[in-house]
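Here are my notes for a first look at this one. Have the model open beside you as you read.

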Amino acid sequence: MDIRFRLNGEDRAVDAGASQSLLSLLRDGLGLPGSKNACEQGECGSCTVVMDGRAVCSCLVLAADTDGADITTVEGLGDEDTLHAVQAALVDGGGVQCGFCTPGFVVAAAHLFESNPTPSTDEIREALSGNICRCTGYGGILRSLEGLAGR
Amino acid sequence: MTTTTGTRIRGGIGESVKRPDGIPKVIGNFAYASDLAADGMLWGATLRSPYARARVVRLDPAAALAIPGVQAILTQDDVPGRKTFGQITADQPVLVDGEARFWGEPAAVVAADDPETARLAVAAIDVEWEELEPLVDMEEALGRDEVFRYAPVRRGDPDATGTVVVEGYYEVGMQDQAPLGTEAGLAIPDGEGGVDLWVTSQWTHEDHDQIWRSLDLAPDQVRQHPTGIGGAFGAREDMSLHIHVCLLALRTGRPVKMVYNREESFPGHVHRHPARMWYRHEADADGTLVKVEAKIILDGGAYMDTTPAVVGNAVYFTTGPYRVDSVQVDGYGVRTNNPPTGAMRGFGVVQVCFAHESQMDRLAEALGMDPLELRKHNALTTGDPLPTTGQIIETPLPTVGVIEQLAAIPLPPPLDSDDPRRLPGGTGLTTTPDYVTRGVGYAVSLKNIAFSEAFDDFAEARVVLSPSGVEVHTAAVEVGQGMVTVLQQIARTALGVEQVAIVPTDTSEIGSAGSTSASRQTQMAGGAVLEAARAVRDLALEQAGGDDLTSDGVWRAGELVMTLDELCADGPISHHTRFRHPPTEEPDENGQGDLHADFAVAAHRAVVDVDAELGLVRVVQVDTAQDVGLVLNPQSVRGQIEGGILQGVGLAVMEELVLDRGIILNASFTDYLLPTFLDAPEVEMALIEEPSPWGPFGAKGMGEPPTISSTPAVVAAIRNATGLELNRVPIRPQDITGT
């Protein structure tokens, strides 16, 4: 089925399967592998994207329901030359190990900082509690983002 | 005299150097195995056994093969070479050989044009199973002599007696590594009968050595390449879809990709061994340990995998880091129809540490002694024999040091908040501070580093110096822990040249670097890189008649005498090395011998808040002191310690695969609980740097100890808060409430 949406600032017209998830459309249909598939149940946040101003698990969004939506994935936040502040903070602060959860954390944290540039430690923990990291114990991620919040 | 380039080079050892893969990972273009693609690629999918034990009555792929877009369906009959695989013993059929022996065992594999078609084809395979009675109880398995390995220890006087005796029985549930990235691989036929494979792995050469045998190819016709891996923790030490995806690629002549979904991933890799352990400690009235007796059973699941080595670790670290003259242990790894178990961070030592530390606390209570004083009184140190094997410990072993430095870390302030994010049960608003009791507990652990028991453990590396800088070639696998950063730092410091790249190297280009496990790559791959880098530096200095090497070239008496361009005019200067740690022995019939290459100690203190009425626990803080030999990268060390502790906390209070007749009931991230950001404790740490005799610059492997004693420390803290015995992990709410 034909879908028109705005993806990372560009208007796109794409063909999606009737039962396809947004995650599958991004990864397999549009060549954007940054959003990761780790659980397909909305439990781990590895596939987090921002859709119409809300952070959502793209594995739980039906691609067919994104017609007319405005979607930002990790690829839309920064690139090698111009990192988003959250991306730079995680690289510098030891917030990255295996990195599989990282794109989801980047999108979720960028979304948090957009609405609250100086989150408290508890606010950071709560806002990112839908994103699972198995490597860092969250310490490196927390310090990175506390630094960005000026704490 | 050679000038020591030492630590003055930028990006050398001791700095929190940034990861070379950090930026690709934060912008989302780091290529994991599941991200790979090739022109004309097919997708694989797997038919699995729905029972823990079942006979295949009928398996007919004809109807499924007729679905448009289905290119191949393969069963065990289609395996051209060795029909089985396995790291220690090839006892697992590549695909079910008539009888499935665990839930989720692969029975057939499909290649189709797209993933949906592949899944549909799996569902369309005409298969009939006859369920058989599964063997799921590890004691029953032992009774039937279904034993992968029996390992005894008989040391000292078995009739020795103490004045105080403490007996205990302990259980450990089945923990899953739950790496965020699932099993994934891409196989591409080379057009000449061979195949190239990119797959989630911790040890490419070991996999390769099994794969070519089953494919009936020559070793050089199969090349296994490193690829991005979304975490491992032991789950990639044994193979998953490796042979399947190669079989499909060779059969179809097209690239084939397979990616397990989360439900498949749970039975798709080995887990931590569940354990049942019976312990008896005897001590003199002053607390001196006299004898430790133990019987340990580990559930090895359906196939052997690394169970024998895990049993060895459990048995040889039965007592923990304490002097005991008499040790009598019987350890068993048994075969059941439960999901296969194998490597997970801590590798057998996690289970016994929970038991021996529980015993030490109970002994302290029986003696009326402070639990830390009891541990210090018996602390094992350099020059002592390992109480199980008799091996004299030559590496620095600051057992007292880790205990004292841990105890010196200030305790957190009392609970002073009614913010639900800081209360047991969290934002569920389930409790108030009035119902919360705080507890504090300690635990200490001893772990071997690298492979033991006479294993020929080596790592290869090649260091190449050219005008553009240094290349390090190694097959050592980066799984997220930061090895690539540390290898760069070692090479920079050893050579004096800043520009260092770690080059992904496939199995045909260099020999094995061994597994990324057993806390070994910093010492093993790191040792190889150091040795090769020093050789290259010596060659460069000799060629130019200099006394120092930098990124500019070779220097003599403070003057540049040869640039890198001039130095490498006839080609790069390189050195290839195979690094081995000091040899180890096989145990004799009593488990005696020099079985281990190196040791490390760590101690943990947990602080918990518990609502005993509701059975809710919040782990407030877990502090640690650990001997790391030398800190090569402070940020990486901290990251390994914090991540390892949280996995230990997970085992203590939430992580368990729940089985019914061998079937995993919670094979999803909805039902297998993992610690979230709100579950993560604060962590304060003291790092002790007592140099390893053979680690690079004295560094010790340090990835596993954080996971080992953190679990019993949390349990001890919950016991302290509740007064309960708590002889099983994970501790569930009902274990606290008794309802």
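This is a predicted model: local features need pLDDT of at least 70, side-chain atom pairs count only at pLDDT 80 or more; totals for chains, interfaces and linings use all residues.

1. Residues are numbered from 1 along each chain as its sequence is written, while chains are lettered from A and ligands numbered from 1 in the order in which they are written.

2. Start with the sheet in chain A. Its 5 strands form an open sheet in the order E2-E1-E5-E3-E4, with mixed pairing. At the edges sit E2(A) (10-15) and E4(A) (54-57), each pairing on one side only. (Strands are DSSP runs of E, at least two residues, and helices are runs of H or I, at least four residues, numbered from the N terminus; two strands pair if DSSP finds at least two bridges between them.) On average, neighbouring strands are turned by 40° against each other, direction ignored.

3. Now zoom in on one pair. E1(A), residues 2-7, runs antiparallel to E2(A) over 6 bridges. Leu7(A) has Glu10(A) in E2(A) as its bridge partner.

4. What packs on the sheet? Helix H3(A) (102-115) does, touching E3(A) (48-51) and E4(A), and its direction makes about 35° with that of E3(A). Contact here is C-beta atoms, placed from the backbone, within 7 Å; axes are lines fitted to C-alpha atoms, for helices over the stretch in contact, with angles from 0 to 180 degrees between N-to-C directions.

5. On to chain B, which has 18 helices and 31 strands. Its C-alpha atoms fill a box of roughly 80 × 70 × 55 Å along the principal axes. A compact globule of 739 residues would have a radius of gyration near 27 Å, and chain B agrees with its 26 Å. (That radius is taken over C-alpha atoms, and the globule rule is 2.2 Å times the number of residues to the power 0.38.)

6. Of the contacts in chain B with a separation of 6 or more, 81% join residues 24 or more positions apart. Leaving aside neighbours within four places in sequence, Val110(B) is in contact with several residues, including Gly44(B), Ala64(B), Ile73(B) and Val122(B).

7. Finally, where do the chains meet? The contact takes 43 residues from chain A and 46 from chain B. On the chain A side, the elements giving two or more residues are H2(A) (85-92), H3(A), H4(A) (121-127) and H5(A) (139-148). H2(A) gives the most, with 4 residues.

Note on methods: Two residues are in contact if their C-beta atoms, placed from the backbone, lie within 7 Å.
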